[in-house]
Amino acid sequence: MEKFFYPNSIVVIGVSSRFTNLGKEIARNLYEFNYTGETHYVGSHEGIIFGRRIHTNIEQIRTPIDLAVILTPARTVPDYFQQCAQKGIPRVIIETGGFGELGAEGRELGNKILSVAKAAGMRFVGPNCIGLMNSANGMATPFATMKNVFKKGDVGIIAQSGGVALSLLNMLDGEQIGFSKFAAIGNKLNVDENDLIEYLTEDAETKIICLYLESIQAGRRLMDIALKSDKPIVAHKANIGVLSQNIAQSHTDALVNDDQVVETAFKQAGIARFRDMQNYLDFVKILGTPRVQGRNLAIISRSGGHAVIATDAAYIYNFDLPAFSESFLNEIRKSLRADVIKLNNPLDLGDLFDFEVYVRIVEHTLKQPNIDAVLFLHTYFASVEGETSRTLLKNVAELSHKYQKAVLMCVSTEQFELSQLHKQFDYPIYLSPERAIAALDTSIKYYERRDIIQAERNCPFSATLKEESGISDILDAAKAENRSPHLAEAMEIVRAAGIETPSSVVSRKKILPAGVGELKGPLAIKLIASGISHKSDVGGVVLNIPGDRLQVAIDAMHNNFSSKSGFEGVFIQEMAPTENAFELIVGAKRDAQFGPVLMLGFGGIFVELLKKTVLRIAPVSHNEIERMVSELPGAELLAGARGVPPIDKTSLMIVIDKISQLMLKYESISSLDINPLIVSESGAVAVDARIFVN
């Protein structure tokens, strides 16, 4: 990736002097941003642009070229790409649209480029993109006409959409947040977000990585990169409406959609995810202030009303407002005109007009060991107090850096003054106390999560399942018959994985099978039929059958279902004890981008009605499983409530771990449910299971 951002020479292919030519705008941007390397231009006609010759063929350029930028009609791109390969150009940016996003013909053009790239060992960004920028050397390849007005900074931008990438650039620049690297990657047919994120995590000039993604190429790799990174990664993942297609066969598929998986993966990897750009920006802004270590907040306001609003927000987001010492408050009273305002935290300074005293108050507050952060609310009219207010804000910002405590500045003034502050003031400014405190809350939770990730980087995962368990034999036999395991086989896999199950036998015919006499009543019988997923919905489950009524129940099950497609017989098992017990579902599905996704929820017949589940991406550590259990909505019930003893949480965690191991070891399993899993103080027992294979 380094070669993309630091080329010594660039050729732009598709340049002409025509007014409407977009290749010319790429050349203009390289000139405008003072690109430090050598530039060359290729077009269909000779000419001169920006004092340099337009060649009609790449071979006319005699010097080596490190990077090519192609913006020509889609049908011509494979030929130009081949010329780049023959010239020995190792890196290419293809900004042309009209590839896979337009259908089969475009995909075929993309395949031709991929074939050439593979043979020549080339890498390319795009197609259908606006390319890259590097603030360090002036490289700027977008075809949109731009001005060199952007601040150099430490934020790296990666986006699928060129328009959103430019919006991010403008949005950050409007807050005096500069960029280091910029990449709008379009169709990401070759270089994807993971390649660039991995590069930026090592880039010395980048401290924060900002993402906009509409799809994710390889989610597991993205997680691995993020888990190893010490830099904040902030993401807006859009295009969330794609649900799992195969929702009928298993509860897990029905309960888990793609966006839930993304949300879980980002949280697990320590990626801060936002669904709107305003909160996204507020968070990036607060990353530029010292980290807040706790929830003790001081509110200092020139307006009593704003102080009340801020106090409400602090209450909503669970911040504490420690009381100021009486000696401190007495010092403030000496500067008041009328002493008609009761001083406390929040501190209303509406009766104080000496801004130098404001600065001393903020400094004294920052010195207090029981204050973690300050929310400073300032209102003024620019025409009257503009100059003195700007000096005040500058001094407060310097105090934040001096004492390494965050001061969140919230300013209320005229719009033109705010615009000037955003452009000239090198410190975050918020427009409302609610947004400032929300960003502060988000940052605290983000860093807490990152601390956990850092501490558990080397946490061991459980050993994988042993092959001699016989699970492979069951899966192979099912696949050989082009089917998924039936109920009895699924239960055998679960048992072989080390999960407790009730004793059971299978009735293939109406006669009682051998071994049924050893089962302890009451009993349950369940339909075994590959064509029926939800057995209880069609009467395929009968519970609490006395031993002397078992034959009648089996006869009825055979009579009702033996003619159905996929009928295998009747599964007979002991009833699991349900006194002081809960029904849970533990499941997993194999996501195309992130791999095995584990799911935990309250189970039984209400599982799809409640739809309140907790997800994790496998593999998971012991601590992550424990957090998974504690995050389950209603987890308080499992810990003991209203006389019901707490469940054996260790047994539940073992089941989750075994499911994780199953999914990691046996890649042919596409989804798996244990529903219900009966959990109580005595342990966890799987009484029903379904497994589906690819």
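Predicted model: local features only at pLDDT ≥ 70, side-chain atom pairs only at ≥ 80, totals over all residues.

Author: In it, Leu 222, Met 223, Ala 226 and Leu 227 of helix α7 meet Ala 265, Phe 266, Gln 268 and Ala 269 of helix α9. The residues of this contact divide into seven nonpolar, one polar and no charged.

Reader: What makes α7 and α9 roughly parallel to each other?

Author: The axes of α7 (residues 219–228) and α9 (residues 258–269) cross at roughly 25 degrees and come within 8 Å. Angles under 35 degrees count as roughly parallel. The two helices are therefore described as roughly parallel to each other.

Reader: How do you know that strand β21 is mostly covered?

Author: A residue is called buried when its relative accessible area is under 20%. In β21 (residues 523–529), seven of its seven residues are buried. Leu 523, Ile 525, Leu 527 and Ala 529 point one way, while Ala 524, Lys 526 and Ile 528 point the other way, and all are buried.

Reader: What makes strands β21 and β22 a pair?

Author: Two strands pair if there are at least two bridges between them. Three bridges join β21 to β22 (residues 541–545), and the two run antiparallel. Within this pair, Ile 525 stands opposite Val 542. Strand β23 (residues 567–574) also meets the criterion, pairing with β21 in the antiparallel sense over seven bridges; there, Phe 567 is the bridge partner of Ala 529.

Reader: Why is one side of β3 and of β7 left without a neighbour in the sheet?

Author: Seven strands form an open sheet in the order β3-β4-β2-β1-β5-β6-β7, with mixed pairing. β3 (47–49) and β7 (123–125) stand at the edges and have a single partner strand each, so one side of each lacks a neighbour in the sheet. From one strand to the next, the twist averages 30 degrees.

Reader: How do you know that β1 and β2 pair, and in which sense?

Author: At least two bridges are required, and β1 (residues 9–13) and β2 (residues 38–42) pair over five bridges, in the parallel sense. Val 11 stands opposite His 40 in β2.

Reader: Which helices pack on this sheet, and what angles do they make with β1 or β5?

Author: Helix α2 (residues 23–32) touches β1, β2, β3 and β5, and its direction makes about 155 degrees with that of β1. Helix α3 (residues 77–87) touches β1, β5, β6 and β7, and its direction makes about 170 degrees with that of β5.

Terms used
Residues numbered from 1 in each chain as written. Heavy atoms only, no water. Helix = DSSP H or I, 4+ residues; strand = E, 2+ residues; numbered from the N terminus. Axes fitted to C-alpha atoms, helices over the stretch in contact; angles between N-to-C directions. Contact = heavy atoms within 4.5 Å. Parallel < 35°, antiparallel > 145°, perpendicular 65-115°, else oblique. Nonpolar A, V, L, I, M, F, W, Y, C, P; charged D, E, K, R; others polar. Buried < 20%, exposed > 50% of the residue type's maximum accessible area, 1.4 Å probe, protein only.
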